[in-house]
Amino acid sequence: MQFDVFNGDADGVCALHQMRLEFPCESTLITGPKRDISLLKRVKASEGDDVLVLDIALSKNRDALDKLLAAGVQVRYFDHHQPGDIPVHPHFEPHVDTDANVCTSLLVNQYLQGKQLAWAVTAAFGDNLADAARQAAAPLKLSTDQLAQLQSLGECLNYNGYGETLDDLFYDPADLYRQLRPYADPFAFIAESPAYQTLKSGYQEDMARAVAVSATEEKASGRIFMLPAEKWARRISGVFGNQLAVESPAQAHAVLTAKPDGGYVVSVRAPLATKAGADVLCSQFETGGGRKGAAGINNLPESEVGRLIASFFQTFC
């Protein structure tokens, strides 16, 4: 059996799409909202099965990975988050790079020798790596308008991944991938897919609400925003952080979105000028992690908000 395990954001969805365009097969899809990254424990594989893992931190899945390898399962792993210790095992094939200008889809693009490059560019835009996306896109010789279309698609696919539960999302990421699957050309998907129009409209409406919110804390080095416990806020939290980073690349940003049952989900964006420090900050908290340029905390108790704010301005000063 084949299992495809992937993050529910643009990077995970596009990484899988690239792989299956080149290597089509029927597989069991395992995914969830963007922050649901402990996915390997849901894989019920046996000796001789194959597992493809895309864009989820190895460090958060190490125990489940070790069990799969011990059971004789072949695992191929593509990711750009901090991995911790990477196991050496005859059944394990890692492709891990934590460079701040790399995303999982760009790693898959290297593996595929550029055969599905337009989808890798889409994912890089969605992961707020606009400069890396444009550099990667050079062989495609796209117009400014075409690049803008891929950027919009990437941002919309990424936007769909954010939420506390699947109920917050417009589409289950597995269903969104299935809608992408017939399209080798992202421009055809943009032109023909109702899903893209739905996501684009939702993105615009939710972003309009977010940009009306003023910063709770603001210094020269960074800004902190707090969003309410509403569906629109949970959907927009990550892409709002991306937009803030683009608008003010010398500043760091944190977006705290209230959870329905108390506490906050946190999205942190390091200054685009440095792309460093977000992972260091978030890893200080129990449910935190991520990468150098962008990281988050899945559950920040109300009692820890003061410590987060102090650490934020100590990290980005």
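**Close-up 1. D127 sits in the loop between α4 (117–126) and α5 (130–136).** This is a predicted model, in which local features need pLDDT of at least 70, side-chain atom pairs count only at pLDDT 80 or more, and totals for chains, interfaces and linings use all residues. Residues are numbered from 1 along each chain as its sequence is written, and side-chain values use heavy atoms, with hydrogens and water left out. Helices (H or I, at least four residues) and strands (E, at least two) are DSSP runs, numbered from the N terminus. D127 is buried, at a relative accessible area of 6%. Here buried means under 20% relative accessible area, exposed means over 50%, and partly exposed lies in between (1.4 Å probe, protein chains only). Neighbours within four places in sequence are left aside for the next list. D127 is then in contact with D9, D11, H80, C103, N158 and R291. Contact means heavy atoms within 4.5 Å.

**Close-up 2. Helix α3 (104–111) is mostly covered.** Six of its eight residues are buried. They are T104, S105, L106, L107, V108 and N109. These buried residues pack against the helices α1 (10–22), α4 and α5. They also pack against the strands β3 (50–54), β4 (74–79) and β5 (92–96).

Close-up 3. Most residues other than glycine have a negative phi. Phi of Q113 is near 55°, and the residue is not a glycine. Q113 belongs to the loop between α3 and α4. The residue is exposed, with a relative accessible area of 69%.

**Close-up 4. K275 also has a positive phi, although it is not a glycine.** The value is about 50°. K275 is part of the loop between β9 (264–269) and α11 (278–282). K275 is buried, with a relative accessible area of 14%.

**Close-up 5. Helix α9 spans residues 194–211.** The helix has 18 residues. From its first C-alpha to its last, α9 reaches 26 Å, close to the 26 Å expected at 1.5 Å a residue. The expected span is 1.5 Å times one less than the number of residues. Buried residues of α9 are A195, Y196, L199, G202, Y203, D206, M207 and A210. They cover an arc of only 135° around the axis, which puts them on the same side of α9. The arc is that of the directions from the helix axis to the C-beta atoms. The buried residues of α9 pack against α6 (144–159), α7 (173–180), α8 (186–192) and α10 (231–247). At the N-terminal end, S193 caps α9. A side-chain oxygen of S193 lies 3.1 Å from the backbone nitrogen of A195.

**Close-up 6. Helices α6 and α9 cross at roughly 80°.** Two packed helices are described by the angle between their axes and the distance between the axes. The axes of α6 and α9 come within 9 Å. Axes are lines fitted to C-alpha atoms, for helices over the stretch in contact, and angles run from 0 to 180 degrees between N-to-C directions. The two helices, α6 and α9, are therefore roughly perpendicular to each other. Angles of 65 to 115 degrees count as roughly perpendicular, under 35 as roughly parallel, over 145 as roughly antiparallel and the rest as oblique. On the α6 side, S152, L153, E155, C156 and Y159 make the contact. On the α9 side, Y196, L199, K200, G202, Y203 and D206 take part.

**Close-up 7. Helices α9 and α10 pack at an angle of about 75°.** Their axes are 9 Å apart. That makes α9 roughly perpendicular to α10. From α9 come Y203, D206, M207, R209, A210 and V211. They meet W232, R235, I236, V239, F240 and Q243 in α10.

**Close-up 8. D206 lies in helix α9.** D206 is buried, with a relative accessible area of 1%. A polar contact of 3.1 Å joins the side chains of D206 and R209. A polar contact is a pair of N or O atoms within 3.5 Å; within protein, one must be able to donate a hydrogen and the other to accept it, and residues adjacent in sequence count only if both atoms are side-chain atoms. Not counting residues up to four places away in sequence, D206 touches Y159, W232, R235 and I236.

**Close-up 9. L300 is placed in strand β11 (residues 294–300).** L300 is buried, with a relative accessible area of 1%. The C-alpha atoms of L300 and A258 are separated by 9.3 Å. Along the chain, these two residues are 42 residues apart. L300 touches L256, G263, Y264, V266, F285, V305 and L308, not counting residues up to four places away in sequence.
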